Amino acid sequence: MNNTMRSDRPSNTLLKKLLLAKRTPFSYWQNLSLRWKLTSILIFAAAIPAVLTTEAISRVTSEKYMENLRSRLSISNRQLETEVADIEQKNRVQVNTLGKILETNRINWEQPDFSTLQEWLADSNLTDAKMSNNFLLITNAEGKTIAQTIYTLDGDLTTYPALADNSESRFIPIKLPTGIDLSDLAILKNLTQTKKSISGVEIFTSNQLQKLGLDKQAWVGIRPQKTKDLPASKLPAPEGTYPIESGKIGLVAMAAYPVYQNNKLVSIVLAGTLLNRNFDAVDRVQKLADKDKDTVVTLFAQDLRIATNVPHIDGKTRSIGTRLSSEVAAAVLDRAQPFRGRALIVDKEYETFYTPIFDHTRQTQPSQAKPVGIYLVGRSIQSIQAALLEQRIIGYAISAAAVLGAGLAAFAVVSTIIRPLRQLAALTKKIQQGNLEVVASVESADEIGQLADSFNHMSSQMKESFEALGQAEKNYRGIFENALEGIFQSSPDGRLLSANPAMAGIFGYDSSTDILTSLTDFRNQVYVHSHERDQFQTLMQEHEQVKNFEFEAYRQDQSVIWVQMDAHAVQSSSGDVLYYEGIIQDISDRKRQDEILEAMVQERTADLATANESIIALNERLKGENLRMGAELNVACQIQMMILPKPEELENIEGLDIAGYMEPADEVGGDYYDVLHTDGVVTLGIGDVTGHGLESGILMLMTQTAVRTLQEIRETDPVVFLDTLNRTLYKNVQRMNSEKSLTLAIVNYADGKISISGQHEEAIIVRKGGQIERIDTMDLGFPIALDGDISEFISHAIFDLEIGDGIVLYTDGIPEAKDINKVQYQVERLCEVISENWHKSASEIKDDIITDLRRHIGTQKIFDDITLLVLKRQEEATEKV
């Protein structure tokens with residue numbers, strides 16, 4: 001036994017060759033030691049939650065960061081507003097102070113002392129070159145200056161300032177003659193209405209700036225900016241959308257004070273600061289926001305940058321003279337709403353917050369105030385992403401350190417587990433070599449100890465199994481020898497390799513040895529029909545097995561028997577067929593019983609054929625009966641359709657436009673409608689008999705006849721009319737032994753009035769404009785032919801019909817018609833079609849209703865009769881004349 005086990009085990013060299021043959025990631029994993037596999041799994045298990053946790057923390061941190069950033073941008077924006085408001089407030093204090101001085105001093109405003117006024121200006125104005133005012137003016141009541149001090153920025157105003165230039169702004173005086181006409185300033189026009197001081201941020205045109213000598217400071221021009229490959233929303237608005245005069249307009253924070261004497265306006269004091277190139281304000285806000293200069297701050301006049309710390313595309317100068325995108329301008333300037341979110345500024349993306357700047361009308365006429373400029377504070381997306389990336393890197397560094405520590409701990413723990421496993425592996429090799437006496441030492445009660453104990457139990461069981469295997473071989477031999485079925489092995493070419501005694505007995509041989517020596521060619525010695533051997537081999541090639549394969553076979557004495565074979569192919573490791581192995585049973589007795597049963601089946605089949613001929617003859621007779629009944633139903637259907645009112649009858653009724661329609665669900669329908677005209681009274685009848693077919697059709701014909709008779713005898717009382725009709729039909733139905741009944745509505749029209757009686761579906765009264773009135777007829781009658789006396793249930797309702805008004809009557813086949821999904825048509829949809837088409841003729845309305853109904857039904861079968869009656873009042877011939 002030991003020698004056999006050694007010979008079947010491949011050598012270590014062969015194993016190494018097999019492992020080295022394919023170097024795939026999976027093969028590398030297979031070649032790793034168990035220690036490294038377990039360590040890797042533990043590290044991976046620790047890394048996954050660490051990564052997920054880090055990702056979750058990073059996401060929350062990013063959201064918090066963006067939330068805080070937006071809050072800081074809002075604060076910075078308010079600080080920028082405060083900067084401008086402070087400038088405006090200083091101007092307001094100055095004009096109020098000077099205005100009070102002028103009011104308290106008795107001045108002859110008709111011939112003022114200009115030198116005195118100029119001295120007061122000099123005393124009240126900040127003559128220091130670091131002052132923040134651009135102008136302080138005193139004008140007469142017409143808005144022309146009579147005293148003035150005007151300052152402009154010092155330095156070269158024809159170039160764009162450098163980003164690195166943080167020097168404080170300095171002003172120099174401008175000498176201009178008095179008499180400057182400022183009456184076109186909007187703030188002066190509103191000042192005379194309010195009669196009190198006004199302040200605000202105003203737009204000055206290039207002409208107004210030129211009058212004050214501030215046009216050079218205000219000029220920023222229009223500078224190039226990135227436009228290539230940008231969508232229209234990111235581009236500046238088309239030229240002329242906003243009045244920026246090619247970059248020559250100015251944004252001025254100013255105040256005005258009216259001076260009155262004896263309730264008469266005698267003078268106006270004006271003070272203002274030009275915000276163009278006022279970089280002190282934007283730089284102060286930027287410094288308050290952060291120290292890294294990642295925050296950008298801008299003041300806009302309309303959509304034009306006039307003061308900013310945003311770098312231009314040259315990377316050296318401030319980007320004054322550039323314009324903002326059209327989507328932001330539309331939101332802030334057109335709709336007067338703040339804009340928050342990502343926006344393109346010059347050539348980079350920023351997280352931004354824009355708010356509108358309003359002029360003095362925000363104080364005087366708030367509902368008419370429109371933005372004249374914009375405050376902007378933003379932070380570059382690049383700096384935001386860098387900050388978020390830094391937080392993310394820190395988080396992953398902490399997670400990596402934690403995973404590394406977990407990996408070292410896992411390696412130490414796995415090493416203590418692997419050591420006893422290696423010892424068990426060495427003992428397993430000894431078992432491979434045939435030594436089944438090895439025993440592993442059990443040193444612990446944990447899983448490793450349990451594994452060692454199981455190993456010892458396995459080696460003991462293997463020893464017992466080898467012993468039991470020998471015994472099983474003996475038992476198999478006993479089964480093989482004593483089985484009642486023939487068991488065999490044969491080569492593909494038909495040689496018998498082994499056979500049990502039962503196999504020998506089936507084919508008439510004395511023993512297994514006898515059949516093995518005598519039976520050498522299955523095809524010619526056993527098969528009565530040699531092609532069945534070919535069929536057997538074909539099945540084996542295709543399916544590698546056969547089941548319940550029956551064929552006629554020769555016994556040793558050449559007698560023929562029927563046998564059934566189940567076999568399968570035994571193949572080598574390379575897939576070649578070594579031999580066939582199977583079981584054979586003698587089924588001759590069963591075959592004889594099958595032949596007897598087949599004869600009985602043939603006899604019964606002949607009996608059934610005879611019966612079938614009789615059935616065919618009977619069927620032919622029934623076909624004749626069906627043709628006769630079909631012809632009778634066709635005649636009844638024609639009679640039913642013949643008594644319906646003809647179109648020419650309906651056309652001859654003066655003053656009314658009437659159209660009717662009926663389509664039975666079967667050959668003979670149970671619906672009824674009629675239109676009768678007698679002595680100026682037009683009677684409309686519509687009913688629905690329960691059920692379909694011939695019986696319902698007969699009741700419908702009786703109803704038509706009875707209604708026509710009552711109309712001809714001039715019966716006009718609705719109670720007598722319906723009660724007489726009911727008693728007539730009730731007695732006829734009783735004589736027919738039928739349970740049929742019908743709902744019936746009678747409508748009488750004369751002289752613009754219409755009377756409705758009888759219980760039926762809702763009547764639809766339609767007014768000239770298509771308005772719908774649904775009339776419930778439940779309380780106007782009782783089903784006809786259901787009871788002998790219904791007089792106490794009968795009532796009627798009267799309605800006026802103007803020219804253009806009308807009524808629509810129908811049976812339940814219309815609202816209850818279903819489509820392929822079992823959805824009903826409904827009265828509501830019928831009313832919609834009527835209302836939409838009421839301007840048409842009655843015939844066209846009828847056609848539109850039926851067309852819409854058929855569109856709803858589609859391919860579904862019609863299960864109920866469909867009847868429709870449309871009446872519409874129109875002008876009579878005399879009325880037209």
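So, where does Arg277 lie? Arg277 is in the loop between strand E6 (265–274) and helix H9 (279–289); helices here are DSSP runs of H or I with at least four residues, strands are E runs of at least two, and both are numbered from the N terminus.

Quick housekeeping: this is a predicted model, with local features needing pLDDT of at least 70 and side-chain atom pairs counting only at pLDDT 80 or more, while totals for chains, interfaces and linings use all residues. Residues are numbered from 1 along each chain as its sequence is written, and side-chain values use heavy atoms, with hydrogens and water left out.

What the Arg277 side chain does reach is the backbone oxygen of Gln217, at 3.4 Å. Arg277 also touches (heavy atoms within 4.5 Å) residues including Trp219, Ile306 and Ile320.

Now Arg305, in strand E8 (residues 304–308). Arg305 is buried without a salt bridge, and Asp303, the nearest opposite charge, is 8.7 Å away. Its side chain reaches the backbone oxygen of Arg323 at 3.3 Å. Among the residues Arg305 touches are Val220, Phe300 and Ile320.

Last, the helices: the axes of H20 (residues 694–712) and H21 (residues 718–735) come within 10 Å and cross at roughly 145 degrees, with axes fitted to C-alpha atoms over the stretch in contact and angles running from 0 to 180 degrees between N-to-C directions. The contact includes Leu699 and Met702 of H20, and Phe721 and Leu725 of H21.

Methods. Buried < 20%, exposed > 50% of the residue type's maximum accessible area, 1.4 Å probe, protein only. Lys, Arg positive; Asp, Glu negative; His and termini not counted. Salt bridge = Lys/Arg side-chain N within 4 Å of Asp/Glu carboxyl O. Polar contact = N/O pair within 3.5 Å; in protein donor to acceptor, adjacent residues only side chain to side chain. Lists of a residue's contacts leave out its neighbours within four places in sequence.
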